[in-house]
Amino acid sequence: MMKSYDAIKNIDDDEDEDVEMGKEQICVESKTLFNNNIHLSSSSSSSSIQNHRLLSLDVFRGLTVGLMILVDEAGGLLPALKHSPWNGLTLADFVMPFFLFIVGVSLALAYKKLPSRVVASSKAILRALKLLALGLFLQGGYFHRLGDLTFGVDLKQLRWMGILQRIAVAYLITALCEIWLKADDTVKSGSSLVRKYRYQWSVALVLSGLYLCLLYGLYVPDWEYQVPTEPSSAPMTFSVKCRVRGDVGPACNAVGMIDRTILGIQHLYRRPVYARMPECSINSPDNGPLPPNAPAWCQAAFDPEGLLSSVMAIVTCLVGLHYGHIIVHFKDHRVRMLYWIIPASCLVVCGLTLAFFGMHMNKVLYSFSYMCVTSGAAGILFVGTYFMVDVCGYSRLTMILQWMGKHALMIYILVGCNVFPVLIQGFYWGKPQNNILKLIGVGG
């Protein structure tokens, strides 16, 4: 199954990197800077360097997988590891942008040589459809309450969007941009790099402008939703008053309105993150009972991987694609890191400035400031990983992260989609409560 998603991994295994230059000089200088003894793993023949794999991309992907596991397993202990209830940025809010950034980098390496654009496009579409189908199966509601080992899909409540679905959409759009929107310019400098991929940058600008126009320009009317009660009772109906334009709060934003209109509120995520806000939980920032005067929208479904917010996710993927282009066209370590760190720093500064002036960083809405800060942070972390692993040769210290990076999708399916907990709890003695977890002292 993993072969179907090679484009989401670093599929540059069979295409060797060109001769890397400047390795010894950079590491020797950094040895003085950090007062360290850095051992360089150099080779006497250029062919052995040509077979050099970009290990930093695997390590970066492994770090992201490790971060995902950390926030999933320890998020209940430390609020800083949980997703922000609405505005703000926590450690967990970096996971999705980091994955999207990695997809973009990998696509630049995968499509640096194209024998046929039509064939490449058809394969990209097929891979995206497979990933969409996998996301619908794993995140569409097939697994319900793990403790009761219940499963099955109610098609009336099937969740259309999700993490894998968002990655599939971003992957497909970015792949088609890389396949079809490249000029024939020769890349010799940073300006020529921008000229060669100017149409891709145009797509990123258009998508960003479209997102901002819809978010701040669409009128959001009043809306209603229902909450099921006892089987014999009628569901409770709640009315949410809006009649506003440009609101970015939980109740009346255009992101939720578009999803409710196109996807249907019954097909959205039923455990929204804003349920942990003080207005909706007496145990905030944890989940808890509703306060006495809780707003009407507190129990409404809201998808954090919705349609409009996925537009900015595509832009994050395009940013990663630019970083991959630098790998393809520039072979000197100094040049690569310089061309990476400048846009990354600019993105972070831009995002923080926008947040200071009122455009809050918001993961659920995937706000423009959030995209800038998280994409810039991904670029900075990638530079640091590249320097330590590919420039200075600390690859043996990261063997576990490399393995995790090469099997990122499988680990995500097992851990992030609750397949592993289902396997653990699926074998029991007499009743579901007598499972392996209870045997080792974890289960109740």
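1. Is His267 buried or exposed? In this predicted model, His267 comes out buried, because its relative accessible area is 9% and the cut-off for buried is under 20%. You'll find His267 in the loop between α9 (254-262) and α10.

2. Have a look at what surrounds that histidine. Setting aside residues up to four places away in sequence, His267 touches Asp303 plus Leu155, Lys156, Gln157, Leu158, Arg159 and Trp160. With Trp160 there is also a side-chain to side-chain polar contact, at 3.5 Å.

3. On to the nonpolar core. The largest one has 108 residues, and those touching the most other members are Phe101, Tyr111, Tyr171, Trp297, Tyr323, Trp340 and Phe382. Helix α10 (residues 307-329) is the top contributor to this core, giving 14 residues. Phe382 is worth a click: beyond its neighbours within four places in sequence, its contacts are Leu54, Ser56, Leu57, Phe60, Phe101, Tyr323, Ile327 and Trp340.

4. Helix α12 (residues 368-391) checks out on length: its 24 residues should span 34 Å at 1.5 Å a residue, and the end C-alpha atoms sit 33 Å apart, which agrees. Since 19 of those 24 residues are buried, α12 is largely enclosed by the rest of the structure. Just after α12, Gly393 has a positive phi of about 80 degrees.

5. Last, the strands. β2 (residues 223-227) pairs antiparallel with β3 (residues 236-240) over five bridges, and Trp223 has Val240 as its bridge partner in β3. Trp223, Tyr225 and Val227 make up the covered face of β2, while Glu224 and Gln226 are on the uncovered one.

Key
Residues numbered from 1 in each chain as written. Predicted model: local features only at pLDDT ≥ 70, side-chain atom pairs only at ≥ 80, totals over all residues. Heavy atoms only, no water. Buried < 20%, exposed > 50% of the residue type's maximum accessible area, 1.4 Å probe, protein only. Helix = DSSP H or I, 4+ residues; strand = E, 2+ residues; numbered from the N terminus. Pairing = 2+ DSSP bridges. Expected span 1.5 Å × (residues − 1). Core = buried A, V, L, I, M, F, W, Y, C linked by side-chain atoms within 4.5 Å. Contact = heavy atoms within 4.5 Å. Polar contact = N/O pair within 3.5 Å; in protein donor to acceptor, adjacent residues only side chain to side chain.
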